[in-house]
Amino acid sequence: PQPLKPFFAALPPRLRILDLSHNHLRDEHVDLLTEALEAIYDADADHTAPPSLEQLSLRSNYLGNGAGSALAALLRGGRAGAALWRLDLRTNAIDADGACAMLAALQYPTSMRELRIGYNKQNAQQDLECARLASIALRRALSRTCGSRLELLDLSNVRMGDAGAKQLAISLGLNDVLRRLDLAFNAIGPEGARFLAQALETNQCLFELDLRDNEVGDEGAEVLAQGLQQNYSLRKLQLARNGVELRGAYALMKATHNREDLTIDFGASGAGELNPVQVRNMLGRTHSMASLSFVRAAEREDRECRLAAQNNAMSMFVG
């Protein structure tokens, strides 16, 4: 880290944007950086120089929890981080401790509007402890009482699962600041989708929700459709690679057919998923034989599922 110390020390006081992505940086480098930023304002004995650093990108380095804690301290106190509104830490090696330290820092008055900490710890399995810690910190950060200004939050690949989605949804339903929430690769299934749908019923400020590469399926798509019937703010819902097929897409179509300002993106079609052309035709209400056939097939599948559910209920009653 020593060769970088003179570089950080020479940073101009009025620097507004600093991009150090893809530079093989480690925790000790971030320690030097935060020390240098604080030294700039410590040298201002009259405290007349306004904080200037607004955007900091440290994407795709080798940063761990030490960097997360150092940046949390920068956000939490002092003048050096007072103007920082965008922080990008994607694709590093920060896990629950470092991520939660930064989320906890948002409970204090900050200028932070965009925080990206997705795709850090590459969890192959659901990490319940990480989800629990992150969800608790996030609930506090998104609460109305803390005065958060956060508009964009990227928590992709935290692997929070349905339990984490439940905790997150509680605060999301009450939040009136956040505009975009990225929850891709989070092992969220139908149950987690139900909690998020309940949040959408009361949240009227979120513009974009990214649920790509989860496990929502048709059941989850149906409950999301119910939530969207009461929501008038969402402009984009991303559901690529979620196992959503005819029944789920049909439910979303019915729920949002009057919402010309809402885009539901199913992404590229995989095995057993929807053809994007069919989805565009259906959601765009393009009258064609292809879309008509698609809707009829979805209606038939919907009736069959309802009939099967009724038969199961009757069997249980007779038994």
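This is a predicted model: local features need pLDDT of at least 70, side-chain atom pairs count only at pLDDT 80 or more; totals for chains, interfaces and linings use all residues.

1. Residues are numbered from 1 along each chain as its sequence is written, and side-chain values use heavy atoms, with hydrogens and water left out.

2. The protein chain contains 11 helices and 9 strands, where helices (H or I, at least four residues) and strands (E, at least two) are DSSP runs numbered from the N terminus. Of its 319 residues, 50% are buried, a term that stands for under 20% relative accessible area, with exposed meaning over 50% and partly exposed in between (1.4 Å probe, protein chains only).

3. Among contacts (heavy atoms within 4.5 Å) between residues at least 6 apart in sequence, 86% join residues at least 24 apart. The chain exposes about 15300 Å², and carbon and sulfur atoms supply 51% of that area, as computed by the Shrake-Rupley method with a 1.4 Å probe.

4. Asp213 is found in the loop between strand 7 (208-210) and helix 8 (217-228), and it counts as buried because its relative accessibility is 18%. Beyond its neighbours within four places in sequence, Asp213 is in contact with Phe185, Asn186, Ala240, Arg241 and Asn242.

5. The whole structure holds 2 aromatic pairs, that is, rings of Phe, Tyr and Trp (its six-membered ring) with centres within 6.5 Å, called stacked when the planes are under 30 degrees apart, edge-to-face when over 60, and tilted for the rest. Phe7 and Phe8 form a tilted pair, at 5.6 Å centre to centre and 55° between the planes; Phe7 is partly exposed at 41% relative accessibility, whereas Phe8 is buried at 2%.

6. Tyr119 and Phe185 form an edge-to-face pair, because their planes stand at 70°, with the ring centres 6.0 Å apart. Tyr119 lies in the loop between strand 4 (114-116) and helix 5 (128-141) and Phe185 in the loop between strand 6 (180-182) and helix 7 (190-202), so the pair ties together parts that are 66 residues apart in sequence. Tyr119 is partly exposed at 24%, and Phe185 is partly exposed at 32%.

7. The charged end of Arg26 sits over the ring of Tyr62, 4.8 Å from its centre, which requires NZ of Lys or CZ of Arg within 6 Å of the ring centre and within 35 degrees of the ring normal. Arg179 lies over the face of Phe207, 5.4 Å from the ring centre.
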